[in-house]
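Take a look at the model below. We will walk through it step by step, from side chains to cores and rings.

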Amino acid sequence: MAEISTKPYMLRAIYEWCTDSGYTPYLAVKVDSATTVPMEYVKKGEIVLNISYGATSGLKMDNDSIRFHARFGGVSREIFIPVNNVMAIYANENGQGMAFEPVLGQSATAPAPAAEPPAPALSSVPSPSSAPTPVPAKPDDNGPDDGGDGPKKGGRPTLTRIK
């Protein structure tokens, strides 16, 4: 029997921790043909999504996918993300969360490989002053707020993926 991945369980746990703590959970996703997201908001093959209760409708986090409806520019869109494409889940307010290596090319319904790849090593994240700042989504809108790529006032923390 193939070993079950811990990734979907960790995603649900961090999501629950964020909501219980009053934080806004965000997902960083690697976009490919198996992902259904508004392509006009994808930058460099990636998208960051606000998955808080107020920003989503019908959020369902299964072992193979994450599905929900969200508004982008005032238009409700259906979102489908294979768990394999999730790069990180984190609290927008403090940057705490967990990063993952995306495993692209596997469908959401494909069985897990016989040997799961090793878990990613944890390492420190550079200070916000040296890391790029993602454009945060408003709680009721997953689209960019002003299109700016620079740091925001108030020194919001960021999550940087380190290879």
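The charged end of which residue sits over the ring of Tyr9? That residue is Arg12, and its charged end is 4.7 Å from the ring centre. Keep in mind that this model is predicted.

Now turn to the inside. The largest nonpolar core has 24 residues. Those with the most contacts inside this core are Leu11, Leu27, Leu49, Ile66, Phe68, Ile81 and Ile89. Helix and strands both contribute: α1 (7-20), β1 (25-30), β2 (46-50), β4, β5 (75-82) and β6 (86-91) each supply at least two residues of this core. There is also a second, separate core of five residues. Ala28, Met87, Ala88 and Tyr90 are among them.

Strand β4 covers residues 65-72, and Ser65 lies in it. Ser65 has a relative accessible area of 0%, so it is buried. Its side chain makes a polar contact of 3.1 Å with the side chain of Arg67.

Next come the rings. A pair of aromatic rings is described by the distance of the centres and the angle of the planes. The structure holds three aromatic pairs. One of them joins Trp17 and Tyr23. Their ring centres are 5.4 Å apart and the planes are at 50°, so this pair is tilted. Trp17 is partly exposed, at 31% relative accessible area. Tyr23 is partly exposed too, at 29%.

Tyr26 and Tyr90 also form a tilted pair, with 6.0 Å centre to centre and 40° between the planes. Tyr26 lies in strand β1 and Tyr90 in strand β6, so the pair ties together parts that are 64 residues apart in sequence. Both Tyr26 and Tyr90 are buried.

Methods: Residues numbered from 1 in each chain as written. Predicted model: local features only at pLDDT ≥ 70, side-chain atom pairs only at ≥ 80, totals over all residues. Heavy atoms only, no water. Helix = DSSP H or I, 4+ residues; strand = E, 2+ residues; numbered from the N terminus. Buried < 20%, exposed > 50% of the residue type's maximum accessible area, 1.4 Å probe, protein only. Polar contact = N/O pair within 3.5 Å; in protein donor to acceptor, adjacent residues only side chain to side chain. Core = buried A, V, L, I, M, F, W, Y, C linked by side-chain atoms within 4.5 Å. Phe/Tyr/Trp six-rings, centres within 6.5 Å; stacked < 30°, edge-to-face > 60°. Lys NZ or Arg CZ within 6 Å of the ring centre and 35° of its normal.
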